[in-house]
Amino acid sequence: MKQFFKKCYLAIILIFLYIPIVVLICQSFNAGKSRAKWEGFSFHWYEQLFSNSSIMSALWVTVSIAVIATIVATILGTLAAIGIYSMKKRPQAVMMTITNLPNTMPDIVTGISLMLLFIFAKVDRGYVTMALAHITFDVPYVVLSVLPKLKQMNRFTYEAALDLGATPGYALWHVLIPECKQGIVTGALLAFTLSLDDFTISYFTTSPLVQNLSTLIYSATKLGISPVYYALSSLMFVVLLVLLMIVNRRTADNN
């Protein structure tokens, strides 16, 4: 009986979370604009989506920033993880605390902090500032993805490579990187997913002239949501779901 109630509770939670998404996806195929009446199956809103210049521009901003943030954050996060791994126990604990802080803070705190930093530095907010903000909040996730793989390897492997005549750069590229490759890929996928989905930090670190998909959708809510955004949200949900499944699969394989 206890197991039955546990399963029922889980089912209710899942239904509560996913029924609105199912309704959204169904509405994206509704031929009419009415949310209360089904007027036939149609791909009309998907056709409108790909012919909408503002959405395509926001899509380009979203994807390009996600790619840039992923590449830079993966490089910085991997190097940071290697540096933290090579530290002694107490400095390593301090650095891990510092690394974990951005993950525990609300996004709005990070977004406002970065906005104030850009204002103080007299940097005009736009594409570059949004990319820098995404890199900033992606790096800790890469660090936390790479470090477990480094801890699984033999600490003396790198030193052994140096003793055998390898240069530090050669040992880094051919010893450390292959050992933590799975963690690097997982961190990169996670960074891309988070960047693709971010709203709060993007909202505070960009201008109305440069919008990604999340800020564009937020702006559209003030005028009333068009069914085109149902189609857009459905596609974003599917893409993010696939990416998260890949990340979870790789994380499970790493463990």
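## A nonpolar surface patch

Tyr9, Leu10, Ile13, Leu14, Phe16, Leu17, Tyr18 and Val22 make up a nonpolar patch on the surface, and together they have about 840 Å² of accessible area. A patch takes residues with over 30% relative accessible area and no salt bridge; nonpolar side chains (Val, Leu, Ile, Met, Phe, Trp, Tyr) are joined within 5 Å, like charges within 9 Å. A salt bridge puts a side-chain nitrogen of Lys or Arg within 4 Å of a carboxyl oxygen of Asp or Glu. Accessible areas come from the Shrake-Rupley method with a 1.4 Å probe, and for residues only the protein chains shown count as cover.

Phe16, one of the patch residues, lies in helix α1 (residues 2-28). Phe16 is exposed, with a relative accessible area of 68%. Exposed means over 50% relative accessible area, buried under 20%, and partly exposed in between (1.4 Å probe, protein chains only).

## Basis of the model

This is a predicted model: local features need pLDDT of at least 70, side-chain atom pairs count only at pLDDT 80 or more, and totals for chains, interfaces and linings use all residues. Residues are numbered from 1 along each chain as its sequence is written, and side-chain values use heavy atoms, with hydrogens and water left out.

## Overall fold

The protein has twelve helices and zero strands. Helices (H or I, at least four residues) and strands (E, at least two) are DSSP runs, numbered from the N terminus. The C-alpha trace spans about 75 × 60 × 30 Å along its principal axes.

Of the 255 residues, 38% are buried. The protein exposes about 15400 Å², and carbon and sulfur atoms supply 70% of that area. Take the contacts (heavy atoms within 4.5 Å) between residues at least 6 apart in sequence: 73% of them join residues at least 24 apart.

In soluble globular proteins, nonpolar side chains tend to be buried together. A nonpolar core here is a set of buried Ala, Val, Leu, Ile, Met, Phe, Trp, Tyr and Cys residues joined through side-chain atoms within 4.5 Å. The largest has 19 residues, and Ala81, Val143, Val146, Leu147 and Leu150 have the most contacts inside it. Helices α3 (53-85), α6 and α9 (181-197) each give two or more residues to this core. The top contributor is α6, with seven residues.

Ala81 is in contact with Val143, Val146, Leu147 and Leu150, leaving aside neighbours within four places in sequence. A second, separate core has 15 residues, including Tyr46, Leu49, Ile217 and Tyr229.

## Individual positions

Asp138 sits in helix α6 (residues 127-152). Asp138 counts as buried because its relative accessibility is 0%. Beyond residues up to four places away in sequence, Asp138 touches Ala69, Ala73, Ala191, Leu194 and Ser195.

Leu24 belongs to helix α1. Leu24 is partly exposed, at 25% relative accessible area. Its contacts, not counting residues up to four places away in sequence, are Tyr230, Ser233 and Ser234. Leu24 and Gln3 are 21 residues apart in sequence and 32 Å apart, C-alpha to C-alpha.

Leu223 falls in the loop between α11 (213-221) and α12 (227-254). Leu223 is exposed, with a relative accessible area of 79%. Its C-alpha is 54 Å from that of Arg90, 133 residues away along the chain.

## Cysteines

A disulfide is a pair of cysteine sulfur atoms within 2.5 Å. The count comes to zero disulfides. Cys8 is partly exposed, with a relative accessible area of 29%. Cys180, at 0% relative accessibility, counts as buried.
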